[in-house]
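Please read the following report alongside the sequence and the three-dimensional view. It takes up a few local features in turn and then moves to a helix and a sheet.

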Amino acid sequence: MELKNICKAYGGNAVLKDVSLVIPKGSHTVITAPSGGGKTTLLRIMMGLEEPDSGEVIGRPAKQAAVFQEDRFPDEFTPVNCVKMTSAHGISRQTVLEHLEQVGLKGHTDKPVMQISGGMRRRVAIVRAVLGESEIIYFDEPFTGLDNDTKMLVIDYIDRHTKGKTLVFVSHSPDDEKLLNAKKLRIV
């Protein structure tokens, strides 16, 4: 996927100005910028959820998945239901349970998501994106609310289950580039 001269402003405030970058197929990329620097806006443009004021996105994959900054779950659904509703047709409950357990959610898979912690909900969102039928996965600050040990568990899970997929992360952590074995792109 290629972004050419992407510009975006809100009410006269330029958030992105002439951003150009290439995301090679199958690559892992970490996008960094100061707070308010347009990282989430750039991801939304990459996903086709928002249009740039000018510039173009070339080669956007048709099958996409995302972990957004905010949780997007029906409160009464269980983690298993949240994952199954966006996963490949025919995925078994057992497969979903195995994936949720791999990110440390054993014993919490049948509670409504409104009854589990924010860090647990983040892990449900990550499993949901990983198990979705996609060529590319966007991760918008996916490790928020995770302690270091849990973060490492989740990074290992992502690495094991996304072979061949393009991964794009937005992060504030300077360590994430190395931990994710990713190329770092800084937007200013």
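The model discussed here is a predicted one. In this model, Glu 141 sits in the loop that runs between strand 6 and helix 5, and its phi is near 50 degrees, which is a positive value in a residue other than glycine. As background, most residues other than glycine have a negative phi.

Asn 5 also is not a glycine and has a positive phi, of about 50 degrees. Asn 5, however, belongs to strand 1, and with a relative accessible area of 42% it is partly exposed.

Which order do the strands of the open sheet follow? The three strands are arranged in the order 2-1-4 with antiparallel pairing, and strand 2 and strand 4 are the edge strands, since each of them pairs on one side only. Neighbouring strands of this sheet are turned against each other by 25 degrees on average, when direction is ignored.

On one side, strand 1 (residues 2–10) is joined by six bridges to strand 2 (residues 13–22), and the two run antiparallel; within this pairing, Ile 6 has Val 19 in strand 2 as its bridge partner. These two strands form a hairpin with two residues between them, and Gly 11 in the turn has a positive phi of about 55 degrees. Strand 1 also pairs with strand 4 (residues 54–58), in the antiparallel sense and over four bridges. Across that pairing, Lys 4 stands opposite Glu 56, while Cys 7 stands opposite Ser 54.

## Helix 5 and its two faces

Helix 5 covers residues 148–161, and its 14 residues reach 20 Å from the first C-alpha to the last, close to the 20 Å expected at 1.5 Å a residue. At the start of this helix, a side-chain oxygen of Asp 147 comes to within 3.1 Å of the backbone nitrogen of Asp 149.

The buried residues of helix 5 are Thr 150, Lys 151, Val 154, Ile 155, Tyr 157 and Ile 158. They lie on the same side of helix 5 because they cover an arc of only 160 degrees around the axis. What do these buried residues pack against? Their partners are helix 3 (93–102), helix 4 (118–131), strand 6 (136–140), strand 7 (166–170) and helix 6 (176–179). The face turned away from the buried side carries the exposed residues Asn 148 and Asp 149.

## Ile 187 and its contacts

Ile 187 is placed in the segment after strand 8 (183–186), and with a relative accessible area of 5% it is buried. Leaving aside residues up to four places away in sequence, Ile 187 touches Leu 16, Val 19, Ile 31, Thr 32, Ala 33, Pro 34, Gly 37, Gly 38, Lys 39 and Leu 42.

Note on methods:
Residues numbered from 1 in each chain as written. Predicted model: local features only at pLDDT ≥ 70, side-chain atom pairs only at ≥ 80, totals over all residues. Heavy atoms only, no water. Pairing = 2+ DSSP bridges. Expected span 1.5 Å × (residues − 1). Buried < 20%, exposed > 50% of the residue type's maximum accessible area, 1.4 Å probe, protein only. Arc of directions from axis to C-beta. Contact = heavy atoms within 4.5 Å. Polar contact = N/O pair within 3.5 Å; in protein donor to acceptor, adjacent residues only side chain to side chain. Axes fitted to C-alpha atoms, helices over the stretch in contact; angles between N-to-C directions.
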